[in-house]
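The tour below goes strand by strand.

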Amino acid sequence: MAKVYKVALVGCGGMGNQHLSILKQLPEFEIVALCDIMPNNLARASEAYKVKACYQDCEKMYDEMHPDIVAAATQTRGHLTPTVAALSKGISVLCEKPIAIDLVEADEMVSASAKSGAKFAINQQNHVNAGIRKAQAMVKDGVIGEVILVRGRNKAGRKSGNEFMEMGTHITDMMMCLGGIPLWCSGTVYNQERLAEPKDIMEAKEMSSGDRDSGLVMGTRAIANYGFKDGRLGEIHFLGYKQGMGLNYGIDILGEKGQLAFRGTGNLSENLWHLPRSMEGAPSQFSDWKLIDVTDMGVEDPMITMYRRLVNAIETDTQPPSSGEEGRLAFEMIMGIYQSHREGGKRVEIPLADRKHPLEQWRKNL
């Protein structure tokens, strides 16, 4: 009989409930305990998912319940403590995105995983989406020729500062799936019609009270360019449109012989298109885009895939998809925009030399 993996959840809010809903569908996992500092959240999740063991102290939960996996589904500011505590005890972790508040925290989390050998993954789900995996296979097979540019597309509906932290690493992770390892970033951030300045730096919840607590943010619009290891280029836009559009969210892959377009929302079986030309041309030619069948990749909810791939990594002693190292790089691509803007749009190398939050440093040095 296959092992049933014991999972403990930290953070019983919106994302925590998504994890619980997924885990309840999977017979290879058992939800053994819940942790939240908010008693009401804890009580609701306990009742809804029939989990009796409830804690407000994650370390006590780890010591008493001995989980195999911890799902860290707190807001970003709360990722560090439960993740490092679990990893230090040899417990593997699936952590929500972005990995941390700053690169100092991200480094500590990655280091804790390396030291104990426990597996560490960031829940950037499109990393394992069938459409992304099909795009990778098509690129490998030379369908669009040499990849020249990977373009990241955001959902909007938030000011760019909040979009950076809440959706930005999803996009940069997808860009890395097709672009490779980022080497540099050049970025510019605007606050409405002017270049953003230190006076525009604020906490995420100050920018938008209804958003998550994800640390320091700045700006309403932004643009950045990247260079990847194999000479591939990248670009990303955060345009600050008030109206959100989920179907805009994804990446475009431009090759010398054609293009691919992936969209991360909507039907999981219908999210990848191919254009057999390197340039789009006139709008009347857009009918050339062909929907690609991705079902041969195996289509399931990407969060299910993330959990199952994490188990495979544990059992084979390999790295899980969207590993801690990859999650840190995806976050570093976002921090690079702020650091470059701080330096007047100068190209900055990745990894960043200064691991502290660029906005914290900029505000402090005034």
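Two strands pair if DSSP finds at least two bridges between them; strands (E, at least two residues) and helices (H or I, at least four) are DSSP runs, numbered from the N terminus. The model is predicted: local features need pLDDT of at least 70, side-chain atom pairs count only at pLDDT 80 or more, and totals for chains, interfaces and linings use all residues. Residues are numbered from 1 along each chain as its sequence is written, and side-chain values use heavy atoms, with hydrogens and water left out.

**First stop: E1**

Select residues 5-10, strand E1. Five of its six residues are buried, so E1 is largely enclosed by the rest of the structure. Buried means under 20% relative accessible area (1.4 Å probe, protein chains only).

Tyrosine 5 sits opposite phenylalanine 29 of E2.

Now show helix H1, residues 14-24: E1, H1 and E2 make a right-handed β-α-β unit. Right-handed means that, with the strands pointing away from the viewer, the path from the first strand over the helix to the second runs clockwise.

Next, select residues 69-72, strand E4, parallel to E1 and joined to it by four bridges. Here alanine 8 has valine 70 as its bridge partner.

**Second stop: E15**

Move to residues 259-263, strand E15. Gln259, Ala261 and Arg263 on one side are buried, as are Leu260 and Phe262 on the other.

Select residues 250-255, strand E14, which is antiparallel to E15 over five bridges. Three residues separate the two strands of this E14-E15 hairpin, and glycine 250 stands opposite arginine 263.

Finish with residues 272-275, strand E16, antiparallel to E15 over four bridges; leucine 275 in E16 is the bridge partner of glutamine 259.

Conventions
Buried means under 20% relative accessible area, exposed over 50%, partly exposed in between (1.4 Å probe, protein chains only).
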